[in-house]
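Dear colleague,

I am handing over the structure below, followed by an account of what was found in it. Please read the notes with the coordinates open beside them.

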Amino acid sequence: MHIGIDPGLNGALAVIHDDGSVVAVHDTPTLLLRTSRGTKQEYDVPGLVALLVPYVSPQAHVILEESQAMPGQGTRSMFMVGVGFGVWLGVLAALPLPHTRVRPATWKRAMGLGKDKEAARLRAMQLFPQADLRRKRDHGRAEALLLAWWGRQYRIQVQAAGEGASSSPPLYDERAHSS
């Protein structure tokens, strides 16, 4: 089982079987909190745990996008990127689920994608026509599915290389971190 996580507040978690079929796609659980200045969105940490618990098994492997702040983002936005990534790492360690961290450029390059989130959504719609990705704001779901797919393809490539059958270029950038 392959689990892809787009760790943003508008991200998602996707689970696919070894055959590539979709098991589940979930938006990242969040809470809307009232503050003196209005409302703010926060991660629902117990909700994150509840999403992953059903998939804890020796056969499961999580691919977590190693998100990073982008130039032009506000300070709160940059802070929340780091918080989200750290929260997901903590949840994965606590469960415990084996996981691999991968930089966006690594998996997107392997999938023939750039920075355009709409292109990622359209590619995910091609690979997973049964997944509900109709809305433009479903880019988090799409990227989670593509991360799971990248993890599946990587595992297939590693297994083939172990059997001496791989002559294709590597799908995995060694600079990406593995846990």
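**Aromatic pairs**

With rings of Phe, Tyr and Trp (its six-membered ring) taken to pair if their centres lie within 6.5 Å, the count comes to 2 aromatic pairs. One of them joins Phe128 and Trp149, whose centres are 5.7 Å apart and whose planes stand at 85 degrees, an edge-to-face arrangement (planes over 60 degrees apart count as edge-to-face, under 30 as stacked and the rest as tilted). Because Phe128 lies in the loop between helix H4 (117-127) and helix H5 (139-162) while Trp149 belongs to helix H5, this pair ties together parts that are 21 residues apart in sequence; helices here are DSSP runs (H or I, at least four residues) and strands likewise (E, at least two), numbered from the N terminus. Phe128 is buried at a relative accessible area of 1%, and Trp149 is buried at 18%, where buried means under 20%, exposed over 50% and partly exposed in between (1.4 Å probe, protein chains only).

The rings of Trp150 and Tyr154 are stacked, since their centres are 5.6 Å apart and their planes are at 5 degrees. These two residues are 4 apart in helix H5, so about one helical turn separates Trp150 from Tyr154. Trp150 is buried, with a relative accessible area of 0%, whereas Tyr154 is partly exposed, with 22%.

This is a predicted model, in which local features need pLDDT of at least 70 and side-chain atom pairs count only at pLDDT 80 or more, while totals for chains, interfaces and linings use all residues. Residues are numbered from 1 along each chain as its sequence is written, and side-chain values use heavy atoms, with hydrogens and water left out.

**Helix packing and a cis peptide bond**

The axes of helix H1 (residues 45-52) and helix H2 (residues 75-94) come within 10 Å and cross at roughly 45 degrees, the axes being lines fitted to C-alpha atoms over the stretch in contact, with angles from 0 to 180 degrees between N-to-C directions. H1 is therefore oblique to H2 (under 35 degrees would be roughly parallel, over 145 roughly antiparallel and 65 to 115 roughly perpendicular, the rest being oblique). Val45, Leu48, Val49 and Leu52 of H1 make the contact with Val87, Trp88, Val91 and Leu92 of H2, contact meaning heavy atoms within 4.5 Å.

Finally, the peptide bond from Leu95 to Pro96 is cis, with omega near -25 degrees, and Pro96 sits in the loop between H2 and strand E7 (99-102). Most peptide bonds are trans.
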